[in-house]
Amino acid sequence: MMRKKAALLARTTDSMKFFSKFLQAIHWPVGPRADFPALQQAFREQYKNFRSLLTANNNALELMAEMEQAADQGRPFGMTFVRTRCTALSVNVYKMIQRLRELSGGKYERLLPAFKEVSEQMEAILSKQPAVAEGPFILELAEIDRHAADQVGEKMANLGEIRNRAGCQVPDGFVITAAASQHFLGSEQLRNEINRRLTLCDPDNLEELYTTSAAIQQLIAEAVLPEDLDFEIHRHYQGMAAARNGELLVAMRSSALGEDSGNISFAGQYRTQLQVSEEFLSRTYKEILASKYKSQAIVYRMQRGFRSQDVIMCVGCLAMVDAVVSGVMYSRSPTDPRSSWVLITAVAGLASQVVDGRAATDVLRVARAAPHAIVARELRQPEGAARLTDEQAGELTRLAVRLEAHFGTPQDIEWSIEPRGRIIVLQSRPLGQTTTPEKLVGGEVMTGSATPFLLAGGVTASRGAAAGPAHLVNSSLDLLQFPKGAVLVVAHPLPEWATLMPRAVAVVSETGQVAAHLATVAREFRVPAIFGMAGATQKIMSGQLITVDATGCRVYDGRQDEILADSAPLPNLMEGSPVHRLLKEVLRLATPLHLTDPASLYFKPSSCTTFHDLTRFCHEKAVSEMFAFGAKHGFDAKSAKQLVGETPFQWWVINLDDGFSDDFVQKEKFVQIGQIVSVPMLAIWAGMTAIPWQGPPPVSLSGFGSILFHSTMNRELDPAVRSGLANRNYFMVSKNFCNLSVRLGYHFSLVEAHLDDLLTENYVSFQFKGGAADDNRRLLRVTLLRDILERYDFRVETVADALTARIEKKPASYLAERLKIIGHLLIHTRQIDMVMADPAMVEHYRNKILADLATIVPQAEHAHDEPDPHPAG
Amino acid sequence: MTNPIHILLVDDEIDFLENTAKRLTRRGYEVRSAENCAAALDIVASGWPQVIVLDVMLPDRDGIQCLREIKQQWPAMAVILLTGHASIQTGLRSLEYGANDYCLKPIEFDVLVEKIRIVFREAYGGEGKE
């Protein structure tokens, strides 16, 4: 029964067909015989195409792996990543099709429409633009509610909602819409130039980032505003001014489409300009549009998976408020959604000082429930500064509770109080929250409180702990030199330091509080941050290794592992973002593999619906075409030479090009191992022969074992004699290439390698399938192989009992070691599935194999510690 | 191969041109540069280059058009298209018109060198000396 099942399986494996073709090519020459030099020349031509196809195949597989990894791990990537990988993938798959068609003399034409279908779908996804905004260039605040977000941006839509639906006071004003912004920036030339510069910019290189950011902003500032738009802006301004006896200064505020939604805050990314008079309207408008390309905004979008085109900038023009006291309030604690108090941060004058993080502010906690008792009060403003009265604090709290009820979620509200006491709401947006409760003023030391600390105090702007060398930043120059993994130490938490959030492990600031924009961004990126920590820039030295316990508001000298042990893992910031969704969408056209069985009727060009299908098809057919070449041109049996020497089993070698030494005589039936000059074959061979095979394990009770044994050990088999058994093992070699098919009993393995001094082309791939045992044993065996191969840095994929392992783009010496491992595994794991039912035996074999490998390739063991052989240049 | 590969760089980005030429020369390659298609075609007409690294955006002509004109003169010439604006369409068109490779900027210098060596080998069979 087992034999029957195994035989059936073997018949259906893709390898079978492939192999029978090969044997056909060797044993039944059908075409006219060409003379040998001409044949070799033709073969070289074929081989050149074949190798080029293999290179493209490798590139394609590697690109797909890289894209899948990016989607799964959520490390930040931008549209440039997605676009370049998709383009490179399409180009490589197309190259495979071209090469296959050359190899086959123009066959497989139907691959072209299949390819076109996939690549066009992919292009359509990549070039999908957000819908073009329609409607007027200007909307009055009186005309807007939250449903207008796609015309005026979240911020202004909310302000309109607050005015028109929640019945609160907001400044008078109007919004320059998304349609206006697209009208201005929509010219293809400007858009292409901006995209070109962004594509070429490496956001990890801060200097390049700043240059690009400045250049793009200048490009926009210098562009001419369309006349009709310019006219409309002035007309609305003049209308507002007329109602105020001609005296009007406005605050111009960015309001981007897509910002402030969910957990994406874009806090403080874009520009707000206060006190703008009519003559500066147009210029300021352009500057705010340009602020979309501020360095921190570019980095932020990159980290959160937004494309530039996902963000369309609208600008609110709001009458300046004559503010006595202003501030920011949170309707709940930003770290505890169940808190029963409102947190108010207040300062004399304008609210911008609070979010800028510069000014010393008063902080109050006020009970949400009437009569709104002041729960805690910390007065940090200097003596004599305008402060909130208790009634005003109560009134603000009522307002916060009302807005939270109106929007159905905790709010982050910016407000001002006029001389006559009227409260004006400047902005209200969902409050970015973390879910773990924590104290905001003061804090609880995480652990290790006995350790003497360097500094204590301030507030937790973002909880957690981290360690790294301190880096004091005062200027843009310090900023450019900020190393990855350092602790950012600053005097004030200015919004522009947000550029450093992806690089910094923690932030310590002398001033500031939880409402600063930088605190919002730090919370979002889960970068632990302490604000308002007096003496930080004096006590902490640049370069000093420190541990920041933001939860406990303490800074320690050196690395404190006990404290760090409590810190939370980093979030996947990309999940669900527009770019992440887009990558997932293109991956559906790239990676699924439907063509698994070459023997199936569906293994044909029209069944290829993904790039993976196309690569699989091309690779399979290219291998067949290479074999068929022999048949077509009378490539006779003599071309396969039997390997002689002290070897287990029987091996044949076909010289594709320059795989044999010059002293080899073509007429010979046998080849000595000493006459082989193929670098990859010699490496495999070294692994196969390093430790002698001791025969099958001592459990081959059934007749099956003996058949297997006989089929492999029959030394009477002659390469020139047609054999009834397909159990032949072939190396196809050139100096740098080796393709080894091992077929023994019911196992099939394919090893392919190219080892050269060109890293780009180097690879080792290993496929294994089948086995004469029940499903469970075969799976166990694949698991064993996987475990061993992953230890040696192979990228392993398993589908049922089939295993594929790959390594690419490594130096030849490194790959040669991996081939030795495969060589050893091929010989020594071959019949292990017969003992796979016995866990103790499995363990015994696993340990034996690992111990043997350690002696064969001792230097390969710690491969992952090796320096990157291909550093960025 | 005893002679170094002759490489022609065609790009209107002067920084890229100068920097790449300098580094390739330091590696032992023979390098010439052209800032537009017309200048490139002059050098191609002399039969000097073996590998051309061609930017897709040129001031006087679209790089694909330039590729076609080069291939008309020298069908076997090894040409690598290079672009800062990745596009599947342009990539496929360049392969259809006989480009040996289509690469995306920014490209690591070592990767570019390998691409040059690969297309050289594909086109002429030899290895080309560094």
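Me: Which residue in strand 5 of chain A is the bridge partner of G173(A)?

Reply: L318(A) is the bridge partner of G173(A) in strand 5 of chain A. Before we go on: this is a predicted model, where local features need pLDDT of at least 70 and side-chain atom pairs count only at pLDDT 80 or more, while totals for chains, interfaces and linings use all residues. Residues are numbered from 1 along each chain as its sequence is written, chains are lettered from A and ligands numbered from 1 in the order in which they are written, and side-chain values use heavy atoms, with hydrogens and water left out.

Me: How do you know that strand 2 and strand 5 of chain A pair?

Reply: Pairing asks for at least two bridges found by DSSP between two strands. Strand 2 (residues 173–176) and strand 5 (residues 313–319) of chain A have four bridges, in the antiparallel sense, so they pass. Strands here are DSSP runs of E, at least two residues, and helices are runs of H or I, at least four residues, both numbered from the N terminus.

Me: What makes strand 1 and strand 4 of chain A edge strands?

Reply: The open sheet has five strands in the order 1-2-5-3-4, paired antiparallel. Strand 1 (138–140) and strand 4 (272–276) of chain A each have a single partner strand, so one side of each lacks a neighbour in the sheet. The twist averages 20 degrees from one strand to the next.

Me: How do you know that helix 10 of chain A packs on that sheet, and what is its angle to strand 2 of chain A?

Reply: Contact means heavy atoms within 4.5 Å, and helix 10 (residues 227–242) of chain A touches strand 1, strand 2, strand 3 (250–256) and strand 5 of chain A. Its direction makes about 170 degrees with that of strand 2 of chain A. Such angles run from 0 to 180 degrees between N-to-C directions, with axes fitted to C-alpha atoms, for helices over the stretch in contact.

Me: Why is R196(A) with E13(B) called a salt bridge?

Reply: The rule wants a side-chain nitrogen of Lys or Arg within 4 Å of a carboxyl oxygen of Asp or Glu. For R196(A) and E13(B), the closest N and O atoms are 3.7 Å apart, so the pair qualifies. Across the interface of chain B and chain A the rule finds four salt bridges. Helix 5 (109–124) of chain B is among the elements that each supply at least two residues of the side touching chain A, and it gives the most, with seven.

Me: How do you know that the bond from A370(A) to P371(A) is cis, and where is P371(A)?

Reply: Omega for that peptide bond is near 5 degrees, and the bond is cis. P371(A) sits in the loop between strand 8 (362–367) and strand 9 (374–378) of chain A. Those two strands run antiparallel, joined by four bridges, and V366(A) has I374(A) as its bridge partner in strand 9 of chain A.
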